[in-house]
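The sequence and structure come first.

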Amino acid sequence: MKLTAKSDIEAPLDYLYASIADTPGWEREAVRRGIEIERPGDMPLTGVGAGWLIRVPFRGRVRSFQLRIDSLVHDQSMAFSFQGQAMTGTALAETKSLSARRSRLRVTLEVKPKTLAARLFLNTLRLARRQVEARFEKRLGQFTARIEERYAREKP
């Protein structure tokens, strides 16, 4: 299943990209939301190859997966891959400058099942595709609104 969403933001491209590439900030945000994060010792702390073991409560069970940064292109994109027991996937965050003070963030998420149960789960999501896409776009909008608010507070 593939989902794509985009959001425009009143902040320059370099600020948007720095906010996305702020992995310690992502870790703090995840911990605040009750997600357990662990850094494997065999992965670098930053840059390409950096990774995390993540445990998320979902539908009454704790789901574990490994998230890894696959590529970083400064002020353009970040690519991630994740692998769990039931699913694998990729995420691509692309940034684009619309003007000196306006940018666009486009996120593409692709999830592939590894088990029959995961295949059934993704098929039910496909049936409710519009609602899933709307929720995905809403979450991205909330994320970019927080970046925009932080930029408005910090800008000179």
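In which helix does Arg 146 lie? Arg 146 is part of helix 4, which covers residues 129-154. The model is a predicted one. With a relative accessible area of 33%, Arg 146 is partly exposed. On the surface, Arg 146 belongs to a patch of positive charge, whose other members are Arg 135, Lys 138, Arg 139, Arg 150 and Arg 153.

Why are Arg 129 and Glu 133 separated by about one helical turn? The two are four residues apart in helix 4, and therefore about one turn lies between them. Arg 129 is partly exposed at 29% relative accessibility, and Glu 133 is partly exposed at 26%.

Ile 147 is another residue of helix 4. Is Ile 147 buried or exposed? Its relative accessibility is 0%, so Ile 147 counts as buried.

Helix 1 spans residues 13-20 and is mostly covered, with six of its eight residues buried.

A polar contact of 2.8 Å joins the side chain of Ser 7 to the side chain of Thr 144. Ser 7 is located in strand 1. The relative accessibility of Ser 7 is 12%, so Ser 7 counts as buried.

**Salt bridges**

Side chains of opposite charge can pair when their charged atoms come close. How many salt bridges does a search of the whole structure find? The search returns eleven. The table gives three of these pairs.

| Salt bridge | N to O distance |
|---|---|
| Arg 102 and Asp 8 | 4.0 Å |
| Glu 10 and Arg 102 | 2.4 Å |

Arg 102 and Asp 8 meet through their side chains at 4.0 Å. Arg 102 lies in the loop between strand 6 and strand 7 (103-113), and Asp 8 in strand 1 (residues 2-9), so this pair ties together parts that are 94 residues apart in sequence. Arg 102 counts as partly exposed at 28% relative accessibility, and Asp 8 is partly exposed with a relative accessible area of 30%.

The side chain of Arg 102 also forms a salt bridge with that of Glu 10, at 2.4 Å. Glu 10 lies in the loop between strand 1 and helix 1, while Arg 102 lies in the loop between strand 6 and strand 7, so the pair connects parts that are 92 residues apart in sequence. Glu 10 is partly exposed, at 41% relative accessibility. Through shared partners, salt bridges join Asp 8, Glu 10, Arg 102 and Arg 104 into one network.

Strand 6 covers residues 87-97 and contains Thr 95. Is Thr 95 buried or exposed? The relative accessibility of Thr 95 is 8%, so Thr 95 counts as buried. Its side chain reaches the backbone oxygen of Asp 75 at 3.2 Å.

Asp 75 is found in the loop between strand 4 (61-73) and strand 5 (77-84). Asp 75 counts as partly exposed, with 22% relative accessibility. Most residues other than glycine have a negative phi. Asp 75 is not a glycine, yet its phi is positive, at about 60°.

Glu 94 is also placed in strand 6. The relative accessibility of Glu 94 is 27%, and Glu 94 therefore counts as partly exposed. How far apart in space are Glu 94 and Gly 84? Their C-alpha atoms are 24 Å apart, with a sequence separation of ten residues.

Terms used
Residues are numbered from 1 along each chain as its sequence is written. This is a predicted model: local features need pLDDT of at least 70, side-chain atom pairs count only at pLDDT 80 or more; totals for chains, interfaces and linings use all residues. Side-chain values use heavy atoms; hydrogens and water are left out. Buried means under 20% relative accessible area, exposed over 50%, partly exposed in between (1.4 Å probe, protein chains only). Patches are made of residues with over 30% relative accessible area and no salt bridge: like charges are joined within 9 Å, nonpolar side chains (Val, Leu, Ile, Met, Phe, Trp, Tyr) within 5 Å. Accessible areas come from the Shrake-Rupley method with a 1.4 Å probe; for residues, only the protein chains shown count as cover. Lys and Arg count as positive and Asp and Glu as negative; His and the chain ends are not counted. The place of a charge is taken as NZ of Lys, CZ of Arg, CG of Asp or CD of Glu. A polar contact is a pair of N or O atoms within 3.5 Å; within protein, one must be able to donate a hydrogen and the other to accept it, and residues adjacent in sequence count only if both atoms are side-chain atoms.
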